[in-house]
Amino acid sequence: STDITERHQLADQRERLLDQQQRQVRQLQELDRMKDELMALVTHELRNPIGAIRGYAEMLTDDPELSHAQRAFVEVIDRKSAHLQRLVDDLLDLARLQAGYIAIEARECDLARLVRQAVEDHRPAALAKRLTLAADLPGHLPVHADALRLRQVLDNLLSNAVKYTPDGGIVTVAAGPAAAADAGNPSVVLTVADTGIGIPAEQYGRLFERFFRASTAREAGVKGTGLGLAITKAIVTAHGGAITAAPGEGGGTVFTVILPVGPPTSS
Ligand code: ADP
């Protein structure tokens with residue numbers, strides 16, 4: 001009979017622990033929701049005032065009666081408020097993406113063409129650093145995706161590659177059909193590789209967290225917010241795809257994006 005009481009006690013204890021765990025999970029979920037709400041609120045409340053500051057600063061820069069010093073001050077206000085505006089826009093975009101508020105408007109588009117356009121848009125920045133910017137693309141690469149959002153992904157990966165690669169380096173972009181692991185669900189693979197400063201091995205796991213910046217980037221004194229990759233990942237995930245990062249063969253970093261070719265299936 002001691003056996004039976006002991007078993008009862010154990011069962012009681014287990015139930016209490018389960019209860020406690022469920023309560024903690026609910027509390028964490030509630031906190032998470034509050035955090036998201038707070039972030040959305042703060043972002044909205046910041047957006048309008050920053051917009052106004054920017055607008056007036058821009059108007060002032062055109063005023064011919066400003067002294068040299070005044071013009072310099074106004075330019076700082078303009079530049080800093082532009083930076084704040086980008087930061088707030090990125091935060092808002094990320095919050096919406098992560099909350100699932102943003103619908104991906106997927107339609108048939110040509111990834112090869114999107115990549116070519118993005119590469120040409122980043123060429124001036126690459127040239128300014130004497131980087132070689134090479135693309136390896138098929139003539140066409142049809143995917144079912146949101147072209148504007150894919151451009152955002154490409155712009156983020158390309159601007160990072162250019163930003164984190166010292167003068168004289170190489171940035172290579174390639175895209176093509178993925179090796180057919182699942183013939184019924186074909187996918188495409190996009191890689192952006194660079195010969196840049198790289199990421200310490202133990203930091204790869206945190207790369208797609210918002211605000212995370214690798215020590216290599218901080219030590220190199222390259223500016224950034226740590227939001228781009230979080231946004232990029234949210235967009236890729238919303239398309240049913242995946243993104244990973246790995247060290248390049250000759251140093252640097254390779255980002256790999258896999259996207260399904262067809263529209264997302266609900267099964
Ligand atoms: P940031 O505004 O800091 O560039 P991201 O979210 O785009 O923010 O990237 C997060 C961090 O990932 C960067 O701060 C940098 O440490 C690292 N990173 C991203 N792309 C590269 C790259 N091509 N080479 C080296 N490090 C990179």
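## Ligand site

Taking polar contacts as pairs of N or O atoms within 3.5 Å, a backbone N or O atom of threonine 225 lies 2.8 Å from an oxygen atom of the ligand. For glycine 226, a backbone N or O atom is 3.1 Å from a ligand oxygen, and a polar backbone atom of glycine 228 is 3.1 Å from an oxygen atom of the ligand. The ligand alone exposes 530 Å², of which the protein buries 98% (Shrake-Rupley areas, 1.4 Å probe).

## Nonpolar core

The largest nonpolar core has 49 residues; such a core joins buried Ala, Val, Leu, Ile, Met, Phe, Trp, Tyr and Cys residues through side-chain atoms within 4.5 Å. Buried means under 20% relative accessible area (1.4 Å probe, protein chains only). Leu111, Leu157, Val173, Leu207 and Phe255 have the most contacts inside the core.

Leaving aside neighbours within four places in sequence, leucine 111 is in contact (heavy atoms within 4.5 Å) with Leu141, Val143, Leu150, Ala175 and Val188.

## Aromatic pair

The structure holds one aromatic pair, with ring centres required to lie within 6.5 Å. Phenylalanine 208 and phenylalanine 255 are edge-to-face (planes over 60 degrees apart), at 6.4 Å centre to centre and 90° between the planes. Both phenylalanine 208 and phenylalanine 255 are buried.

## Basis

Residues are numbered from 1 along each chain as its sequence is written, and side-chain values use heavy atoms, without hydrogens and water. In this predicted model, local features need pLDDT of at least 70 and side-chain atom pairs count only at pLDDT 80 or more, while totals for chains, interfaces and linings use all residues.

Note on methods
Buried < 20%, exposed > 50% of the residue type's maximum accessible area, 1.4 Å probe, protein only. Phe/Tyr/Trp six-rings, centres within 6.5 Å; stacked < 30°, edge-to-face > 60°. Polar contact = N/O pair within 3.5 Å; in protein donor to acceptor, adjacent residues only side chain to side chain.
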